[in-house]
Amino acid sequence: MFGIDPAFSEKTNTDSMTLTITAHNGVNRYIIASMEFQGTEKDEEKFVATVERLYKIHNCSCINIEANNGGEIIGRMLKRRNLAVNVVKAIKDKVTRLREYE
């Protein structure tokens, strides 16, 4: 599973953007990789290329991305690259949302 908390903005001082890849074995969850993008690193094309590379390297089954802060746009860009994407509506707190899609 691949989780993305987007935070795209023209401003370089906004929240950082994170990627987290987890493995699931029964009830056990393991963090395989985690990356943070800050400031000018938050370029959409560079971000999507990084996601695609990590998705393939770690043989991910699906990407969960929050719909807010550019997530829907990034989700469409990833789908055009033939990656499995689930756009998650940001209704509850982060921990609850991510657990719903484990």
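These questions and answers cover salt bridges and a strand pair in a predicted model.

Local features here need pLDDT of at least 70 and side-chain atom pairs pLDDT 80 or more, while totals for chains, interfaces and linings use all residues. Residues are numbered from 1 along each chain as its sequence is written, and side-chain values use heavy atoms, without hydrogens and water.

Q: Which residue in β3 is the bridge partner of Thr-18?
A: Strands are DSSP runs of E, at least two residues, and helices are runs of H or I, at least four, numbered from the N terminus. Two strands pair if DSSP finds at least two bridges between them. Strand β2 (residues 17-25) pairs with strand β3 (residues 28-37) in the antiparallel sense over 9 bridges. In β3, the partner of Thr-18 is Glu-36.

Q: Is Glu-52 buried or exposed?
A: Buried means under 20% relative accessible area, exposed over 50%, and partly exposed in between (1.4 Å probe, protein chains only). Glu-52 has a relative accessibility of 16%. Glu-52 therefore counts as buried.

Q: How many residues apart in sequence are the parts that Arg-81 and Glu-45 tie together?
A: A salt bridge is a side-chain nitrogen of Lys or Arg within 4 Å of a carboxyl oxygen of Asp or Glu. Arg-81 and Glu-45 meet in one at 3.9 Å, N to O. Because Arg-81 lies in the loop between α2 and β5 (85-88) and Glu-45 in helix α1, the parts tied together are apart by 36 residues.

Q: What is the N to O distance in the salt bridge of Arg-81 and Glu-52?
A: Side chains of opposite charge can pair when their charged atoms come close. For the side chains of Arg-81 and Glu-52, the N to O distance is 2.5 Å.
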